[in-house]
Amino acid sequence: MSIRNQAYIAGAYEHPTRKATGISLAQLHAEVAKGALEDAGLAKDDVDGYFCAGDAPGLGPLNMADYMGLKLRHVDSTDTGGSSYLIHVAHAAQAIAAGKCNVALITLAGRPRSEGMATGTAPRVWNAAAPDVPFEYFYGPTVVNMYAMCAMRHMHEFGTTAEQLAWIKVAASQHAQWNDHAMLREVVTVEDVVNSPLIADPLHRLDCCVISDGGGALIVVRPEIARSLQRPKVRLRGAGEAPKHQMGGKIDLTYSGARWSGPAAFAEAGVTPADIKYASIYDSFTIPVLMQLEDLGFCEKGRGGAFVADGNLISGVGRLPFNTDGGGLCNNHPANRGGMTKVIEAVRQLRGEAHPRVQVRNCDLALAQGTGGSLGTRHGSATLILERES
Amino acid sequence: MAEALALPSNPETEPFWQACREGRFLVRRCDSCGQAHWYPRTLCPFCFSDRTVWQDGSGRGTIYSFSIMRRVPEPYAIAYVTLDEGPSMMTTIVDCDFDTIRIGMPVTVAFKTLDDGRALPVFRPA
């Protein structure tokens with residue numbers, strides 16, 4: 001069974017806050033749920049499936065279902081870090097195709113900024129019983145130095161340069177200048193990026209994403225419901241998911257799980273990278289963007305540096321407009337999990353509701369790519385291919 | 001580097017840490033497929049055989065990748081080192097000028113005693 005065209009994203013909402021000092025975590029989840037339902041033109045009681053990940057407070061979906069007063073017949077709390085929400089879209093489509101729910105709600109929210117979390121520069125342990133912890137934690141693996149080791153190896157094998165990585169940030173900043181809600185709206189240059197302080201060699205401060213509070217939500221529905229609503233119709237054409245880990249010590253930091261999730265999504269969708277008009281690419285740092293673009297087949301492995309240079313990711317300038325909201329690098333990275341906002345901006349582009357200065361013309365086919373966990377140790381990759389129904 | 005962390009007991013890998021306290025670096029190898037793996041486990045992650053055994057490792061390897069963590073009170077050099085036995089492991093590079101670290105550099109194991117008594121295998125230039 002394929003999920004191609006079996007489900008539609010009818011509602012999408014990104015919380016406007018970037019610092020939620022006066023809003024509780026549960027409240028953020030509920031506010032984004034309300035926003036997405038209103039966007040779709042549906043009511044809370046229409047929801048019969050709920051999807052969330054580890055950012056939802058409580059035991060899986062139970063506590064937020066309680067808080068929001070949801071009456072459910074299907075739940076899924078798959079957690080692969082920031083890529084969870086792309087997987088949730090695919091799993092919602094599966095559940096809808098199997099008749100297990102009609103209207104699926106997916107929420108993400110977090111307050112790392114208000115809570116003063118040392119997001120990138122302190123080691124994080126999800127569960128001290130994880131078997132890898134004693135063999136890693138004491139060495140000080142942080143988010144930034146794990147991604148940095150990927151960049152270091154990519155540079156070593158392929159000659160990728162800091163200037164090429166900087167172009168990714170430059171493109172994001174060109175887009176963010178038009179986003180009223182973006183944390184960083186100042187346009188930066190390649191020189192600004194490579195002259196910013198080194199955080200973990202070879203990554204500079206401006207190679208890193210923002211730390212922000214906020215969240216987002218999606219409503220996924222069956223085709224008959226989508227056709228009854230007043231919103232532009234965005235359907236799921238293909239999806240792929242794949243974890244990548246250390247493979248028993250056969251470590252290769254030059255590629256991501258998108259090498260597997262990408263081809264699966266393209267095969268299901270029956271399209272190729274050349275058909276994609278817009279791409280949301282997970283961007284906790286510059287380097288994962290470059291690696292995922294290669295792994296998804298937008299260019300050959302090792303050629304990502306040349307592909308992203310000279311504005312090729314800037315809307316209206318380059319071949320592949322990416323992250324036109326400013327992405328995690330400039331706009332928003334709520335809960336330190338970037339997948340939700342990737343899907344939301346892809347939906348905006350397909351609806352023609354992106355900012356006019358970054359809206360891609362005739363945007364009928366888009367890709368959203370998420371990575372969650374850590375690129376340098378274990379991560380989940382998820383790819384969605386979304387299509388506007390004309 | 002990392003703060004102290006309370007870890008649950010782990011009978012599967014205690015022999016590894018005991019050997020470290022004695023200054024020996026062990027590697028886990030599978031007798032069925034012949035491959036060493038990292039981190040050590042009882043069921044081989046390649047062929048899923050339970051015929052895995054401890055062996056004395058050479059303690060030698062080369063740097064696969066690394067990064068200098070600059071934005072902390074005490075900068076440190078995290079790395080993946082590819083052991084002569086085959087697998088790559090996370091570690092830190094010590095006892096050198098961080099700016100001299102290069103991918104491909106030969107390194108050898110040393111042990112650093114942590115506050116909780118753990119002897120942590122780290123590497124320094126060979």
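Student: How do you know which residues and chains the names refer to, and what does the model count?
Tutor: Residues are numbered from 1 along each chain as its sequence is written, while chains are lettered from A and ligands numbered from 1 in the order in which they are written. Because this is a predicted model, local features need pLDDT of at least 70 and side-chain atom pairs count only at pLDDT 80 or more, while totals for chains, interfaces and linings use all residues.

Student: What makes a residue buried, and what share of chain A counts as buried?
Tutor: A buried residue has 20 or more other C-beta atoms within 10 Å of its own; with 12 or fewer it is exposed, and in between it is partly exposed, the C-beta atoms being placed from the backbone. In chain A, 60% of the 390 residues count as buried.

Student: How do you know that the span of H1(A) agrees with that of a helix?
Tutor: The expected span is 1.5 Å times one less than the number of residues. H1(A), residues 25-40, has 16 residues and should span 22 Å; its end C-alpha atoms are 23 Å apart, so the two agree. After H1(A) comes Gly41(A), with a positive phi near 85°.

Student: Which residues of H1(A) are buried, and what covers them?
Tutor: Among them are Leu25(A), Leu28(A), Val32(A) and Leu37(A). The cover includes S1, H2, S4 and S7 of chain A. Contact here has a cut-off too: the C-beta atoms of two residues, placed from the backbone, lie within 7 Å.

Student: What makes two strands a pair, and which order do they take in the sheet of chain A?
Tutor: Two strands pair if DSSP finds at least two bridges between them. Strands of a sheet pair through backbone hydrogen bonds, either parallel or antiparallel. Nine strands of chain A form an open sheet, S3-S2-S4-S7-S1-S8-S11-S10-S9, with mixed pairing.

Student: Why are S3(A) and S9(A) called edge strands?
Tutor: Each has a single partner strand, so one side of each is left without a neighbour in the sheet. Neighbouring strands here are turned by 20° against each other on average, direction ignored.

Student: How do you know that S1(A) and S8(A) pair?
Tutor: They share two bridges in the antiparallel sense, and at least two is the requirement. Ile9(A) stands opposite Val234(A) in S8(A). On this sheet packs H12(A), residues 339-351, whose direction makes about 175° with that of S10(A). Such angles run from 0 to 180 degrees between N-to-C directions, with axes fitted to C-alpha atoms, for helices over the stretch in contact.

Student: Why is S1(B) called largely enclosed?
Tutor: Four of its five residues are buried, so the rest of the structure largely encloses S1(B). S1(B) also pairs antiparallel with S3(B) over five bridges, and Val27(B) stands opposite Gln55(B). With S2(B), S1(B) forms a hairpin with five residues between the strands, where Gly34(B) has a positive phi of about 80°.

Student: What makes up the side of chain B that touches chain A?
Tutor: In chain B, 36 residues are in contact with 32 residues of chain A. S4(B) gives the largest share, six residues. This side divides into 24 nonpolar, nine polar and three charged residues. Nonpolar means Ala, Val, Leu, Ile, Met, Phe, Trp, Tyr, Cys and Pro; charged means Asp, Glu, Lys and Arg; the others, Gly among them, are polar.
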